[in-house]
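Selected residues are treated in turn, together with the contact between the chains.

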There are 2 protein chains.
Amino acid sequence: VRVVVPYAATRPKTRLDALLDVAERRDLAAAMCRDVVAAVRAAGGDPELLSTAPTDVADVPVTVDDRPLTPAVNDVLPADEDDDGVAVVMADLALATPDALVRLFEAAGDVVAAPGRGGGTNALVVRHPDFRVDYHGASIRDHRRIAREAGLDYREVDSMRLATDVDEPSDLAELLLHGDGEAADWLREAGFGLAVDDGRVGVRRD
Amino acid sequence: VRVVVPYAATRPKTRLDALLDVAERRDLAAAMCRDVVAAVRAAGGDPELLSTAPTDVADVPVTVDDRPLTPAVNDVLPADEDDDGVAVVMADLALATPDALVRLFEAAGDVVAAPGRGGGTNALVVRHPDFRVDYHGASIRDHRRIAREAGLDYREVDSMRLATDVDEPSDLAELLLHGDGEAADWLREAGFGLAVDDGRVGVRRD
């Protein structure tokens with residue numbers, strides 16, 4: 001399956017700016033992207049980047065499109081019934097495993113979505129030309145509606161690993177707890193560890 | 001499979017106290033518990049409550065144990081090799097689906113865990129007497145270690161629905177986005193809706 005990985009090559013991960021400076025955020029985003037590319041390959045997918053700017057972050061084909069995410073992704077989706085399905089997997093799913101991606105790629109349906117924490121849509125498989133994305137706001141809700149209004153067979157994949165996009169400080173704790181790729185290593189080498197007290201764990205930096 | 005559902009009958013969900021008063025928190029906790037019991041039954045499990053106090057919140061057998069969670073749960077786990085396996089499923093997994101629970105119950109392994117957001121262990125299947133729980137702190141990390149040190153076959157189930165325990169205000173957004181049971185209905189009837197802006201959605205109350 002063709003797997004398009006949207007990548008914000010400039011100013012990534014601004015919601016982590018209390019913990020990481022701009023160069024660090026770029027390094028972490030690049031490491032996460034390589035983890036995603038590796039997991040996609042291990043799941044049998046053919047990854048390519050859809051980047052906001054030229055990048056050599058990973059050894060894959062790159063299409064540059066500096067428009068917002070929604071029109072950029074819509075341009076890579078199937079345009080007519082003869083087109084093959086396309087998967088769209090976000091570049092910050094640093095916990096994505098081959099198993100989780102296989103479940104996504106192999107699920108039946110015209111549209112298969114992996115919801116993200118907080119209403120996002122972290123990954124999609126689109127096999128029908130009548131579906132279009134809208135990443136603004138609570139996109140998973142919008143994608144359900146768009147699929148329903150088009151009369152499409154819409155499914156969701158239930159995966160904690162695909163639900164965990166790394167956007168906010170609490171997500172770094174998830175990366176430390178469950179990650180074993182380059183991004184988790186980068187974070188540990190940057191001095192981050194778990195901060196454990198009552199309730200959910202957070203992160204601290206030495 | 002025998003499924004023990006630990007239930008805090010008194011003072012539940014204190015981390016929601018900015019949004020819900022004590023009676024409301026109790027109502028929501030009860031609704032979530034009934035959703036979990038219904039999902040367990042639909043998945044073919046035999047639910048029973050392990051409650052901190054007598055309760056008739058759900059039509060299931062109740063064992064009262066007012067000790068902390070860790071010793072109370074350890075007392076229901078298999079004591080020797082002839083004992084059947086036991087599942088432990090938290091009462092606040094209001095997004096749990098029968099499908100997700102079937103994946104948990106049917107996974108191979110001496111110990112199968114469903115990690116929760118922030119390092120918790122939201123659900124477990126224990127089939128070996130050498131495993132004991134420790135819910136303090138980042139329990140999923142401790143449970144991995146305890147299983148490894150005992151030489152057990154330890155697995156994890158990758159489920160967003162089992163990872164989502166409802167403890168904090170942001171979890172209410174997950175319930176509104178993905179829930180279709182009594183707890184989600186209760187929340188909507190209490191006036192909660194999604195608050196959508198940039199980034200992850202939150203909740204507002206009318």
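Setting aside residues up to four places away in sequence, R25(A) touches P12(A), K13(A), T14(A), L16(A), D17(A) and L20(A). The model in which these contacts occur is a predicted one. The points below begin with R25(A), turn to the relation between chain A and chain B, and end with three further residues.

- R25(A) lies in helix α1 of chain A, which covers residues 22-42.
- With a relative accessible area of 9%, R25(A) is buried, because buried means under 20% relative accessible area.
- Between R25(A) and P12(A), the separation is 13 residues in sequence and 6.4 Å in space, taken from C-alpha to C-alpha.

**Relation of the two chains**

- Chain A is superposed on chain B by a rotation of 180° with a shift of 0.0 Å along the axis, and the RMSD is 0.0 Å.
- This is the relation of a two-fold axis.
- Both copies use the same surface, as 100% of the contact residues of chain A recur in chain B.

**The contact between chain A and chain B**

- Chain A contributes 35 residues to the contact, and chain B contributes 35 residues.
- The two chains bury about 2,800 Å² between them, of which 47% is on carbon and sulfur atoms.
- R117(A), D158(A) and R200(A) supply 29% of the area that chain A buries against chain B, which is more than any other three residues supply.
- Eleven salt bridges are counted between chain A and chain B.
- A salt bridge joins the side chains of R200(B) and D165(A), at 3.2 Å from N to O.
- There are 26 residue pairs in polar contact between chain A and chain B, with both residues at pLDDT 80 or more.
- On the side of chain A that touches chain B, at least two residues each come from α3 (98-106), α4 (139-149), α5 and α6 of chain A.
- The largest share of that side, five residues, is supplied by α6(A).
- By type, the residues on the side of chain A that touches chain B are ten nonpolar, nine polar and 16 charged.

**H178(A)**

- H178(A) belongs to helix α6 of chain A.
- The relative accessible area of H178(A) is 6%, so this residue is buried.
- The side chains of H178(A) and R144(B) are joined by a polar contact of 2.8 Å.
- Apart from neighbours within four places in sequence, H178(A) is in contact with L95(A), M160(A) and R161(A) in chain A, and with P115(B), I140(B), R144(B) and E156(B) in chain B.

**D167(A)**

- D167(A) is placed in the loop between α5 (160-163) and α6 (169-178) of chain A.
- D167(A) counts as buried because its relative accessibility is 12%.
- Not counting residues up to four places away in sequence, D167(A) touches K13(A), R15(A), L16(A), D92(A) and, from chain B, R200(B).
- K13(A) and L16(A), both touched by D167(A), are also among the residues that R25(A) touches.

**C33(B)**

- C33(B) is located in helix α1 of chain B, residues 22-42.
- A relative accessibility of 0% means that C33(B) counts as buried.
- C33(B) and V5(B) stand 28 residues apart in sequence, and their C-alpha atoms are 8.2 Å apart in space.
- Neighbours within four places in sequence aside, C33(B) is in contact with Y7(B), L49(B), V57(B) and A91(B).

Terms used. Residues numbered from 1 in each chain as written. Chains lettered and ligands numbered in written order. Predicted model: local features only at pLDDT ≥ 70, side-chain atom pairs only at ≥ 80, totals over all residues. Heavy atoms only, no water. Helix = DSSP H or I, 4+ residues; strand = E, 2+ residues; numbered from the N terminus. Buried < 20%, exposed > 50% of the residue type's maximum accessible area, 1.4 Å probe, protein only. Contact = heavy atoms within 4.5 Å. Least-squares fit on C-alpha atoms with pLDDT ≥ 70 in both. Buried area = accessible area lost by both parts, 1.4 Å probe. Salt bridge = Lys/Arg side-chain N within 4 Å of Asp/Glu carboxyl O. Polar contact = N/O pair within 3.5 Å; in protein donor to acceptor, adjacent residues only side chain to side chain. Nonpolar A, V, L, I, M, F, W, Y, C, P; charged D, E, K, R; others polar.
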